[in-house]
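Reader: I have a model open and want to learn how to read it. Where do we begin?

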Amino acid sequence: MEWKKEIRILFWFIAFFLFAYFMPVYSDRFREAIMAMLDLTRWYAQEHVILCLLPAFFIAGVIAVFISQGAVLKYFGAQAKKWVSYSIASVSGVILAVCSCTILPLFSSIHKRGAGLGPAIAFLYSGPAINILAIILTARILGFEMGLARIIGAVIFAIVIGSVMSLIYRKEEKDKAERQMNVPMDEEKRPMWQTAFHFFTLVLILVFANWGAPAEGVESGGWYWIWAHKWEITAFFAILLVFSLIYILKLKREYVLIAAAITAASAFLATSPMIPMVVGIAGVSILTLLDKRDEDNKQWTLSTWDFAKQILPLLALGVLVAGFLLGSTHGDTDMPGVIPNQWVVNLVGGNSVFSNFFASIVGAFMYFATLTEVPILQGLMGAGMGKGPALALLLAGPSLSLPNMLVIRGVIGTKKTLVYVILVVIMATISGLIYGSI
Amino acid sequence: MLNIKVIGKGCPNCEKLEHLCHEVIKEENLEAQVEKVTDVNDFADYGVMMTPGLVVNDKLLSQGKIPVKHTLAKWLNDQAES
């Protein structure tokens, strides 16, 4: 008998028992929080899953399967020019870091065999911060402005923190034996522009299908026009996708046309745009899974499925917890959670140095599963968090956590890890202050 | 005797690759041992930047993706003969 395991099970039994025993079922605060939790979950399910998350997973799948990552990796070699390494490192998170488990091996290779500590740190920081799923969801739920601030902040952070670290440790860097890094290069299957065409078609479908309604009363201008015609525009890109499936992925033309016809028919018959989206996604999945000509097509949908499996359960859990603790705030709805708004306002309200610093520290140590930072921040902002501290948390949060600090420490040692963490916290605080005051 | 190393920190894809190796070894009746390399500090020694990496008899055959089953079978057979 494994005592440790049995005792752990006992511990969870007791914890659940105590929770059930003392559960304040009749307290208003508790009931409201439960309602807020259910409401927030329903809102996510209705508003974000089909039109936003599902297409986003397919885009992440394209990145993982069709885009040759070897092409990017060569810029991390020891011979690469420093400024090139830095700029590539700070933006490559978009295409390299779709899975967090690829970041650390890459980080350690760049550090030991490649461009050195600076670019390695830049990559380590920006990888999780600007991955494409996170940006899409941030812009969609926390607003376009916050999404943009997150990207710009992350890129600047990556370069500044990387340079400062390599400046502090420039002596050590020189002594390091230079050994050539092994860069994997698989031959490109198709010209770059074709892959890019496929990729951007999907991105534009996502962008226009989720085009936000203009402010109340606005009924003219370019943004309004796009919003009013967003389904026509989305349909246009869907037609481009059909071309892409036939001529770029080389799926069987007859099958693609049948799937496209079914999707189009569903668009005319259904009242909700979600129906054709679901039909279209099912069509693409079936077409690629049954394709016999090119293994990559099947891999595309399979890796999309992997992302969905990895991310959706944790995100759902994150939404439930955020709803319960912080309440549900969206549109006209405003339901309180278990945590009193006053606490949130006291700690991270407004734009004081303390608020920003507190948000940075909490963000740095807390672990956020992929994308869960978004519902949590939505809850916090609804409860009165300032936008400055919110950005500070976004910039310090996903790239750093206690478990991940321990792993980094294993690669670069305690001192450098400490410097890295401190730099991130200071910079996050400062950018929060700046963003909060504009 | 083939020496196969699956290099990865234990993410789902690394485990998938390991399973696939065992499957191919069984089906092709190869004599081989499969090892796992999980320490990130050792990855660079094998030249692996993207996980999962596959090293057979000290030769890096692929990284960053899982090879298709028949490709893997071909690689392993080639290595077994040489």
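Author: With the contact between the chains. This is a predicted model. Chain B puts 16 residues into the contact, and chain A puts in 18 residues.

Reader: Which elements of chain B give two or more residues to the side that touches chain A?

Author: Helix H2 (40–43) and strand E4 (59–63) of chain B. H2(B) supplies the largest share of that side, three residues.

Reader: How do the residues on that side of chain B divide by class?

Author: Ten are nonpolar, five are polar and one is charged.

Reader: Now the chains themselves. How many helices and strands are there in chain B?

Author: Three helices and four strands. Along the sequence the pattern reads β-α-β-α-β-β-α.

Reader: What does the secondary structure of chain A come to?

Author: Chain A has 23 helices and two strands. Its radius of gyration is 24 Å, close to the 22 Å that the globule rule gives for 438 residues, so chain A is as compact as a globular protein of that length. The C-alpha trace of chain A spans about 65 × 65 × 60 Å along its principal axes.

Reader: Which domains does the assignment give for chain A?

Author: There is domain 1 (50–64 + 191–212 + 221–310), domain 2 (67–175) and domain 3 (341–437). Note that domain 1 is written as several segments. The centres of domain 1 and domain 3 of chain A, taken over C-alpha atoms, are separated by 35 Å.

Reader: Next, helix pairs. At what angle do H8(A) and H10(A) cross?

Author: Roughly 155°. Their axes, for residues 117–129 and residues 144–168, come within 7 Å. Angles over 145 degrees count as roughly antiparallel. H8(A) and H10(A) are therefore roughly antiparallel to each other. Their crossing is right-handed.

Reader: Which residues meet there?

Author: From H8(A), they include Leu117(A), Ile121(A) and Tyr125(A). From H10(A), they include Phe157(A), Ile161(A) and Met165(A). By class, this contact has 13 nonpolar, five polar and no charged residues.

Reader: Are H19(A) and H21(A) roughly parallel or roughly antiparallel?

Author: Start with the angle. The axes of H19 (residues 353–365) and H21 (residues 387–396) of chain A cross at roughly 25° and come within 8 Å. That makes H19(A) roughly parallel to H21(A). The crossing of H19(A) and H21(A) is right-handed. H19(A) contributes residues including Ser355(A), Ala359(A) and Val362(A), while those of H21(A) include Pro389(A), Ala392(A) and Leu393(A). The classes are seven nonpolar, five polar and no charged residues.

Reader: And what of H16(A) and H17(A): how are they set to each other?

Author: The axes of H16 (residues 274–290) and H17 (residues 295–326) of chain A cross at roughly 135° and come within 7 Å. H16(A) and H17(A) are therefore oblique to each other. The crossing of H16(A) and H17(A) is left-handed.

Reader: Which residues of H16(A) and H17(A) meet?

Author: Ser285(A), Thr288(A) and Leu289(A) of H16(A) meet Asn297(A), Lys298(A), Trp300(A) and Thr301(A) of H17(A). By class, the contact of H16(A) with H17(A) has two nonpolar, four polar and one charged residues.

Conventions: Residues numbered from 1 in each chain as written. Chains lettered and ligands numbered in written order. Predicted model: local features only at pLDDT ≥ 70, side-chain atom pairs only at ≥ 80, totals over all residues. Axes fitted to C-alpha atoms, helices over the stretch in contact; angles between N-to-C directions. Parallel < 35°, antiparallel > 145°, perpendicular 65-115°, else oblique. Left-handed = near helix turned anticlockwise from the far one by under 90°. Contact = placed C-beta atoms within 7 Å. Nonpolar A, V, L, I, M, F, W, Y, C, P; charged D, E, K, R; others polar. Domains from an automatic or database assignment. Rg over C-alpha atoms; globule rule 2.2 N^0.38 Å.
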